[in-house]
Every structure is written in C-alpha cells, then in structure tokens.
Amino acid sequence: MVVEILAVGTELLLGNIANTNAQYLSQKCATLGLSVYHHTVVGDNEKRMTDAIKRAMKRSDIIILTGGLGPTEDDITKEVCSKVMGFELVEDAHTKKRIAEHFKASGRKNVTENNWKQAVVPQGAKVLDNHNGTAPGLILEAEGKTAILLPGPPNELKPLFAEQVAPYLRSIQPETICSQIVKVCGIGESRAETMVLDMIDAQTNPTIATYAKTGEVHLRVTAKAENEEQAKKLLKPVVKELKKRFDINVYTTNEDENLEDVVVKLMKKHGLTVTTAESMTGGMLAGKIINVAGASECFKEGFITYSNKAKKKTLDVSKATLKKYGAVSEQTAKEMAKGGVFATDSDICVAVTGFAGPENTAEEPKGLVYISCYIKDKVFVKEFHFTGNRMKIREQAVVQALDLLRRCIIENYKSEK
C-alpha cells in the first residue's frame, strides 16, 4: 500500500519549524511495510490544500495529514479534506465532552467559543481520542482511499499514531508485515551496503534497506507473509546472516534501543563505573549517558576541560605533553583518560579532544578528533577525521566515543559474559 504524507502549515514553508513529523511518520510506515513515495508540504490555503489532497488521492492509497486541526481560523485541514472526500461536518458529543474535561483538568474554567470547533468532525469518520491535547485524530474512508488526520504537535501526534493509527494500518493490510532492525556502528553506509549487496540483489522476500544515521547505519529487514509467525520465520535467517557479516559492529537488533542504552546496559552487567573527560564535545558525551534511565548506577563524574589549564589542573595532563604535542593529540587524549580514572577512582574513563572548526588551522585540521578509553590499566586511542559543520563533527565524536567504550568493555570483559 502506498502512503503520502501531507504536512499542513505555512510556518513549515517559511522554515520557522522543522518538519520532524514527516520523518517520524516515514520511519513508522517503513516499519509497517508501507511504501511512502511522496512528502508534501502545503500552507494554510484552501485552494492549494484542495489541490494537494486531490493529487495525493490519485497516486496514493492512504494520505496522512498533519497539522491544521487547531481552533483558529486558519486551521482548515479537517474542513478542506472533508469537502474533497464528500463528508458532512457534525458536532461530536463525545469529543466535546473530552474537550471540556481537558480544560477542567488543566485548571482553565472558560473555554473560548473557537475551541468547540475541534468537536466538529466528519460524519461517519473514525474519531481518535487525543489524550495529550484537544484536537482528535480522524480517519476518513471513501471510494477505496483513506485520509488520516493527525494534530501537528509531535507530543500529540506520536502517541496518537503509536496507540491508534499503527494498529489500524496493520488491520487493513492484505498481509502481515514484520520487520527487524540491525543497528551497526563503526562502518559507513557505502561500505555497509557493499557488504550486503549480494543479499540486496538477490532479495525478494524479505527485503533489506539501509539507512544512514549520524555515525551509524541501520539495516531494516522486512518480510511479508500470511501471518506473523511465518513472517518472523522469514526474517530470522536474514538477520542471522547480517549479524554474522557485521559481527561486533552490530550493537543491537532492538528497534527502541540506542547506542547509549547498550553501553549503560553493558556497564551495569559487569558492575563497571565510568567517567567522561571532554574537551571539544563540551559535555555532550556525558549528557548522552545520563539520558539513559539507570545511568546513575554506573556514571561517576563528567569533566569538561576545554582549556589547557583545565586539562592540567583537573586531569593532570602534563605541561610538557601539551607543549610538545598540543591539546588535539593522541598523547593528550591518553593522559585525559588516565587522569579521569585516577581523579574519580572509576573503572573506565572515555576522553575526547579535537578540533571542530569552523575553519582549518595550520596546526589542527578541522574534524581531527582523538578519542581514548582507559580500562583495565590500558589505554586505547582512535584517531578520526570527521567532515561536516561544527555541530556535526561534535555529534559524530560522541557516537564514536560511545562505540569505543562499548567495544572496549566487550573486548576486556569477554570472560565475564
């Protein structure tokens, strides 16, 4: 089945906000085995919106519209879509009651008249209760086409899709579709694709698709079958082969697990504590680890030693090392990691030092980064040459620091599995 995502909002066209909803919906549709061929963005204009919906109806089976369901005059998605698909608008008592309860719960006694606009729905549509806002989601079905209307705020759209839209989409599929993710770190997208090109060329069912992420590659395996059990049987040997080919570079096959989740899980498994020592990344690495629930069991302390003075004072990096090799060097990275362990009595310290630009200098090329990991009285250091803007370089450094930590734990605690 073909899906088109149609985002509504002049603010999207002006660039005032990023269209993160389209990214989220595309990812979820891929997981469900639905083909997304077009993304469209249209402003709050009746004629242009009408044209966009009609065009989408011709080339897609399902249209997911986001935004334009609010109470103001320029929120016209529901009205325009209903008109195009031939639905009359009527007041829904259930939704009106929910809106009143929402305002009462939030401490607002007076509901302005325009808020009741959100209780008006297309007659015969499926109404999806929005537990995080006042605008309900809507599903309109007519002449073999389906329009799914979702509120624009991501904190409303995402739970509504996960709880009610995804099950609906599964129910209208002619066959069961299952997918499995294989997340890889330490290998670029082009190399990853080369490693599985023979599998991709020979594929029929299941299929493999590669997606580039910052510092990572995700491979999604999707299978179609009469039922879930058969689909999973088809997935199993393909996922097994991918894990064999990518070996230690695979860090998880869990859709909801990130690299930092895996790292924290490994540290908790082996009863390890960690300290971070950061220069260029300025606390981003520590922040990633601390974002994981339960990180307090293993995270001891994070140092941001941006200046040479801080490196010397806090991490005991020697003056001679800084003078001879510079702040961005293998030698400095080693001493930072060692200093972090001894300053906090941690089992491990991961250190990052580098130059993120914006321009190259005579001494330090933009993107040069050294990442070190002190573990079991040994120091491992890797040199990287990242590309992109300042933020992109820093983000890539954080991913590679987490991956180095993951690999070091696996390598040094093999006998403790």
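This is a predicted model: local features need pLDDT of at least 70, side-chain atom pairs count only at pLDDT 80 or more; totals for chains, interfaces and linings use all residues.
## Confidence of the model

The mean pLDDT of the protein is 93, and 99% of the residues score at least 70. Among the elements, strand β13, which covers residues 274-278, has the highest mean pLDDT, 98. The lowest mean value, 87, belongs to helix α5, formed by residues 93-105.

## Residue T95 in helix α5

Helix α5 contains T95. Because its relative accessibility is 4%, and buried means under 20%, T95 counts as buried.

Which residues does T95 touch, not counting those up to four places away in sequence? They are Q118, A119, V127 and P136. As for A119, this residue is 24 residues from T95 along the chain, yet the C-alpha atoms of the two are separated by 5.2 Å. The side chain of T95 is also joined to that of D92 by a polar contact of 2.5 Å.

## Domains and one interface

The domain assignment divides the protein into domain 1 (2-172), domain 2 (176-252) and domain 3 (259-416). The centres of domain 1 and domain 2, taken over C-alpha atoms, are 32 Å apart.

Between these two domains, five residues of domain 1 are in contact with six residues of domain 2. About 390 Å² of area is buried between domain 1 and domain 2, and carbon and sulfur atoms give 41% of it. On the side of domain 1, the residues that lose the most area to domain 2 are A30, T31 and G33, which together account for 73% of what that side buries. Across this interface the rule finds zero salt bridges, and zero residue pairs in polar contact with both residues at pLDDT 80 or more.

Note on methods:
Residues are numbered from 1 along each chain as its sequence is written. Side-chain values use heavy atoms; hydrogens and water are left out. pLDDT is the predictor's confidence in each residue, from 0 to 100. Helices (H or I, at least four residues) and strands (E, at least two) are DSSP runs, numbered from the N terminus. Buried means under 20% relative accessible area, exposed over 50%, partly exposed in between (1.4 Å probe, protein chains only). Contact means heavy atoms within 4.5 Å. A polar contact is a pair of N or O atoms within 3.5 Å; within protein, one must be able to donate a hydrogen and the other to accept it, and residues adjacent in sequence count only if both atoms are side-chain atoms. Domain bounds come from an automatic or database domain assignment. Buried area is the accessible area (1.4 Å probe) that two parts lose on being put together, summed over both. A salt bridge is a side-chain nitrogen of Lys or Arg within 4 Å of a carboxyl oxygen of Asp or Glu.
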